[in-house]
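Here's a quick briefing to read with the model open beside you. Take a look at the sequence and structure first, then work through the notes.

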Amino acid sequence: MKTHSRRFMAFIRVGLALTLVLAFIVPARAVATPAGDLVGKLNGAFLQVMKNAASLGYDGRYKELEPVVADSFDFTLMSRVAMGSRWQNLTDAQKQTLVDTFRRYSTATYASRLDGFSNQRFEILGEEAKAQDTVLVKNQIAGDSGDPIRIDYLLRPDQGQLKIIDIYLNGSISQLSVYRSEFIDVMGAKGFDGLIATLDQRITEMSKGQPAAQP
């Protein structure tokens with residue numbers, strides 16, 4: 001009887017210990033953060049559009065994505081970085097035109113690419129503090145087959161609100177650096193008006209079902 005009692009108490013102690021351990025094991029996104037919340041909202045909007053891509057069509061996808069893209073990205077800072085030293089030579093009107101065109105171009109790119117759903121899911125893997133008050137949200141899109149695709153976001157405060165200022169594809173390729181190279185090349189060859197015309201042309205092409213591409 002005493003042997004059974006000791007075994008029972010030992011079982012209880014193991015069970016309690018296991019319960020305490022499990023109580024402290026939580027998913028990576030269990031603790032909400034402003035950066036994670038913003039990326040999570042963006043992921044949710046992308047997923048919703050993908051699931052309804054066919055019924056929405058390009059125009060419907062653009063309309064659904066436009067407000068969340070505008071609210072999530074700091075297109076003013078991104079435009080300034082993409083233009084480099086040429087930014088200082090632009091008039092205020094040209095700067096605003098570029099910011100607005102960059103926003104429309106980015107929205108059109110998402111509306112063009114998010115054209116279907118095959119059981120994909122977005123997963124936030126964690127966050128990492130970076131220089132100058134920025135934070136990197138590690139994120140990926142995974143499906144039933146194939147390797148997950150890393151799409152990380154770099155965020156920075158803008159008037160008290162975090163905004164995305166860069167995207168890293170596969171964890172290393174800076175999308176803003178790609179834009180900077182392309183924008184400066186087109187600007188050098190065609191001037192400011194040529195850059196805007198090139199972006200507008202690409203937006204029109206994407207609206208007609210042509211694949212998204214760099215300018």
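Over which residues does pLDDT stay under 50? That stretch is residues 1-30, for which the model has four contacts beyond four places in sequence (pLDDT is the predictor's confidence in each residue, from 0 to 100; a contact means heavy atoms within 4.5 Å). Where pLDDT is low, the predicted coordinates should not be read in detail.

This is a predicted model, where local features need pLDDT of at least 70 and side-chain atom pairs count only at pLDDT 80 or more, while totals for chains, interfaces and linings use all residues. Residues are numbered from 1 along each chain as its sequence is written, and side-chain values use heavy atoms, with hydrogens and water left out.

**Confidence**
- The protein chain averages a pLDDT of 87, and 84% of the residues score at least 70.

- Strands β1 (residues 121-129) and β2 (residues 135-142) pair in the antiparallel sense over eight bridges (pairing takes at least two DSSP bridges; strands are DSSP runs of E, at least two residues, and helices runs of H or I, at least four, numbered from the N terminus).
- Gly126 has Lys138 in β2 as its bridge partner.
- Five residues sit between the strands, and Gln132 takes a positive phi near 60 degrees.
- Asp133, in the loop between β1 and β2, has a positive phi near 65 degrees and is exposed at 65% relative accessible area (exposed is over 50%, buried under 20%, partly exposed in between, with a 1.4 Å probe and protein chains only).

**Phe122**
- Phe122 belongs to strand β1 and is buried, because its relative accessible area is 17%.
- Phe122 touches Asn43, Phe46, Leu47, Met50, Asn139, Gln140 and Ile141, not counting residues up to four places away in sequence.
- Phe122 and Phe46 are 76 residues apart in sequence, yet 9.1 Å apart in space, C-alpha to C-alpha.

**The β3-β4 loop**
- Gln159 lies in the loop between β3 and β4, with a positive phi near 55 degrees.
- Gln159 counts as exposed because its relative accessibility is 81%.

**Lining of the largest pocket**
- Each of α2 (34-51), α4 (75-83), α5 (92-113), β3 (149-158), β4 (161-169) and α6 (175-207) supplies at least two lining residues.
- The largest share, five residues, comes from α5.
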